[in-house]
Amino acid sequence: MTRKQLTTCLLAAMTFMAACSSNSENTPTQPDNNKEPVAANSDPSAKYDPPITVTTVRAQADVTEFAEGDTMDSNIWTKHLLDTYGFQLKNTWVTDSAGYKDKLNVTIASGDLPDFFKVDATQFKQLADAGSLADLTDVYNTFASDLLKGKLNEDGGNTLKAATIDGKLMALPYVTATMDGAGMVWIRKDWLDNLSLSAPKTMDDLLAISKAFKNNDPDKNGKNDTVGLGITKDIFTGYGGLNFFLNSFHSYGKMWIEDPKDKSKLVYGAVQPEAKKALSTLQEMYNAGEIDKEFSVKTSTQLTDDIVSGKVGMAFGTMANPINYFSKSVAKDPKAKWEMYQLTSVDDQPVKAQISSGIGTFWVASKKSKYPDALVKTMDAFVQKLFSDKAEFKFMYDGPNLKYHTFKYMDVQAWGARKNLDAYLAVNAALKSNEESKLNPEQKGYYDQVKAYQGGDAAQWGTYKVFGPEGSLGLLENIVKDNLMYPDQYFSIPTDTMVQRQSTLSDLLDETYMGIILGDSVDTFDGMVTKWNQLGGEEMTKQVNEWKSAQQ
């Protein structure tokens, strides 16, 4: 027997012995290095014993508070994962949200990947193309509960399709309630009352309110110190952005829409001619002082400061704004009455508020990881503790006045497409029937806060204004019922040209839109469109339509 033949026989014998060796049911099995990593066992309820360490990296949510003794590495969620599944989650590094993408790019370049981690769509594509990711198909089918699978399919399965490459599930997508991003306009109702103005029903009404808020002393302090519309430097966003203003002109920001001339094709919303009228109107408002002269350098935080100080009486946003922003205004000035209104149209056609396709965030496992099942179990743990009959409100909020937003401690999340709207409906049904027994822990928490506000606790106004009988989710319910949302029509990972040119094209849009608002000729829009096509937009449009054709 030659040395080569002997070596082959020995390797075969070692492989056979390893395959036949008996570990306890809960002990992790080392995968064959020549195969995709597989789960340690096939029992979804099994626990690693002895415990294993699973590595990840993450961004710490802004304004995160911990109970004494807790940290991002040791808290209610990490302890639950260890107690339930037998793995200790270890953060290789933690950074703030703003620095996460750049720091992760450095980690990806190094090749030293953690067991699982969060990526954006571009990073997902790059890692998948490089063959760096584990195939999650088997571990998902084995370890994902029906509850988790239901949450990930509430959007019709679009995000799961985006996470699937060549028939293999290469990531777990972030499925959240994209409907929550549908636009509405928030207005100081007390200012409307001071000026004897009615709620806006047309775009002309809204523009008249903006003018009155600038010129007619809506706060009755005898000073010319207010503006009509609050916006920020981040034009293509929801709160403080102009996406929803554009929608009122049947224009859409950085998203793909059906070509009005040929609905079998897609075009990019931000380069369509409908935007010109909206930009011309914004320029007029800016010149008239209805928009803060310094808006082009202001962040959402600075806009909120202006709102709290009583300078701004109107802003575009979403259903969540009372909790995130306007509650600070009401806390400082109890007379401030923020009310939400449906988007108004520039003509007789209804306005459809743009929403994201939901494709943008994924969790992936390294191909080198021995424990890709840990990713699936982590996401499953999240939905179980928030939405199952084993749910506990302390995994959502905890502490005095619910100061600890414990859900933020868990990076791997799945909310489903209707979570908040369903909570609103359940809370209001319970308020009408005075029957709480059907509420899950999260819904019960909102119910208690709404009841507290009704009982005189003004600190709960934010929750009341979202989940209560007069809440913003009531308006969202009507928007959904009336089919007044327009989701991004492209729901897949970035095309090659998007990866290469999207940043440049996005900057071109930002600069042009901002320039026009500040005084450039509206006709510079046309030159921008030509340049956008030349710099990659035309090729990107071609690739998007090739994808669309493949879906039909």
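Begin with aspartate 166, which is exposed because its relative accessible area is 75% (buried means under 20% relative accessible area, exposed over 50%, partly exposed in between, with a 1.4 Å probe and protein chains only). Aspartate 166 lies in the loop between strand S4 (164–165) and strand S5 (168–169); helices (H or I, at least four residues) and strands (E, at least two) are DSSP runs numbered from the N terminus. Its phi is positive, about 50°, although aspartate 166 is not a glycine.

Before moving on, note that this is a predicted model, in which local features need pLDDT of at least 70 and side-chain atom pairs count only at pLDDT 80 or more, while totals for chains, interfaces and linings use all residues. Residues are numbered from 1 along each chain as its sequence is written, and side-chain values use heavy atoms, with hydrogens and water left out.

**Other backbone stops**

Select asparagine 434, in the loop between helix H15 (419–433) and helix H16 (441–454). Phi of asparagine 434 is near 60°, a positive value in a residue other than glycine. At 54% relative accessibility, asparagine 434 is exposed.

Then go to proline 50, in the loop between helix H1 (3–20) and strand S1 (52–60). The peptide bond that runs from aspartate 49 to proline 50 is cis, and its omega is near 5°.

**Helix H9**

Select residues 203–215, which are helix H9. This helix of 13 residues reaches 18 Å from its first C-alpha to its last, close to the 18 Å expected at 1.5 Å a residue; the expected span is 1.5 Å times one less than the number of residues. Colour Met203, Leu206, Ile209, Ser210, Ala212, Phe213 and Lys214, which are buried in H9. What covers these buried residues includes strand S7 (184–188), helix H8 (189–194), H10, helix H11 (274–287) and strand S10 (314–317). After H9 comes aspartate 217, with a positive phi near 50°.

Which residues are in contact with asparagine 247, leaving aside its neighbours within four places in sequence? They are Tyr252, Leu343, Val351, Lys352, Ala353 and Gln354, where contact means heavy atoms within 4.5 Å. Asparagine 247 lies in helix H10 (residues 243–247) and is buried, at a relative accessible area of 0%. Draw a distance from a polar atom of its side chain to the backbone nitrogen of glutamine 354: the value is 2.9 Å.

Serine 251 sits in the loop between H10 and strand S8 (256–259). Serine 251 counts as buried because its relative accessibility is 2%. Apart from neighbours within four places in sequence, serine 251 is in contact with Leu246, Glu274 and Ala275.

**Strand S13**

Select residues 361–365, strand S13, where four of the five residues are buried. Strand S3 (residues 116–120) pairs with S13 in the antiparallel sense over five bridges; two strands pair if DSSP finds at least two bridges between them. Valine 119 has phenylalanine 362 of S13 as its bridge partner. Strand S6 (residues 172–173) also pairs with S13 in the antiparallel sense, over two bridges, and leucine 172 has tryptophan 363 as its bridge partner there.

**The nonpolar cores**

A nonpolar core is a set of buried Ala, Val, Leu, Ile, Met, Phe, Trp, Tyr and Cys residues joined through side-chain atoms within 4.5 Å. The largest one has 157 residues, and those with the most contacts inside it are Phe245, Phe362, Tyr513 and Trp532. Helix H14 (residues 373–387) gives the most to this core, with nine residues. A second, separate core of five residues includes Tyr252, Met255, Ile257 and Tyr486.

Show the surroundings of tryptophan 532: leaving aside neighbours within four places in sequence, its contacts include Trp256, Tyr268, Leu505 and Met540.

**Aromatic pairs**

The structure holds 30 aromatic pairs. Rings of Phe, Tyr and Trp (its six-membered ring) pair if their centres lie within 6.5 Å; planes under 30 degrees apart count as stacked, over 60 as edge-to-face and the rest as tilted. Select tryptophan 77 and phenylalanine 395: the ring centres are 4.8 Å apart and the planes are at 70°, so this pair is edge-to-face. Tryptophan 77 is buried at 1% relative accessible area, and phenylalanine 395 is buried at 4%.

Methods: A polar contact is a pair of N or O atoms within 3.5 Å; within protein, one must be able to donate a hydrogen and the other to accept it, and residues adjacent in sequence count only if both atoms are side-chain atoms.
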